[in-house]
Amino acid sequence: MAQKDGGTELGYVKTGDKLGAKAIAGAPAAGGGVVVEVREKKGMLRAAIPTMPFPLAVICLFLNTFIPGLGTFISAFTVLCGARSELTTQRGLCCVFWLNVAAALIQILTAVIMVGWIMSIFWGMDMVILASYRDQGPPQDV
């Protein structure tokens with residue numbers, strides 16, 4: 001049940017409602033809403049970011065913050081040491097390595113006009129986010 005209150009919509013769920021453990025995308029839910037699945041489409045460079053151990057990802061973020069591109073350059077070598085990315089199975093280790101080196105060079109060369117520095121910080125944040133998902137484990141079906 002939804003109720004308008006001063007231009008904002010408030011949603012309420014009855015305590016008697018029992019939501020199912022699994023829902024089919026696009027199927028009506030118990031509360032009358034529709035369950036929608038959202039997937040982010042990543043570009044080739046963004047999909048090449050390796051999933052590293054959390055402490056290493058934090059170090060790369062720190063390096064990217066103060067020396068743009070350095071953390072991304074180091075993360076490229078983690079691909080050769082066993083870190084995986086979304087592109088590893090499709091493109092192979094060499095391609096993923098060179099894509100990360102290219103991203104580091106883009107960050108270094110465009111740091112003068114601040115674009116590379118900002119890109120470098122966001123790249124490091126993505127590394128930390130991927131590392132936190134790695135340490136958490138795969139999502140569990142309830």
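1. Helix 3 (residues 70-80) packs against helix 5 (residues 93-109) at an angle of about 175 degrees, and their axes lie 8 Å apart. Helix 3 is therefore roughly antiparallel to helix 5 (over 145 degrees; under 35 is roughly parallel, 65 to 115 roughly perpendicular, the rest oblique). Axes are lines fitted to C-alpha atoms, for helices over the stretch in contact, and angles run from 0 to 180 degrees between N-to-C directions. Helices are DSSP runs of H or I, at least four residues, numbered from the N terminus.

2. This is a predicted model: local features need pLDDT of at least 70, side-chain atom pairs count only at pLDDT 80 or more, and totals for chains, interfaces and linings use all residues. Residues are numbered from 1 along each chain as its sequence is written, and side-chain values use heavy atoms, without hydrogens or water.

3. On the helix 3 side, the contact includes T72, F73 and S75. They meet a helix 5 set that includes L93, V96 and Q107. Contact means heavy atoms within 4.5 Å. By class, the contact has 11 nonpolar, four polar and no charged residues (nonpolar: Ala, Val, Leu, Ile, Met, Phe, Trp, Tyr, Cys, Pro; charged: Asp, Glu, Lys, Arg; polar: the others, Gly among them).

4. N64 sits in helix 2 (residues 54-66). N64 counts as buried because its relative accessibility is 0% (buried is under 20%, exposed over 50%, partly exposed in between; 1.4 Å probe, protein chains only). Leaving out residues up to four places away in sequence, N64 touches T72, Q107 and W117, among others.

5. I59 is also in helix 2. At 47% relative accessibility, I59 counts as partly exposed. I59 and S75 are 16 residues apart in sequence and 10.0 Å apart in space, C-alpha to C-alpha.

How values were computed
Helix = DSSP H or I, 4+ residues; strand = E, 2+ residues; numbered from the N terminus.
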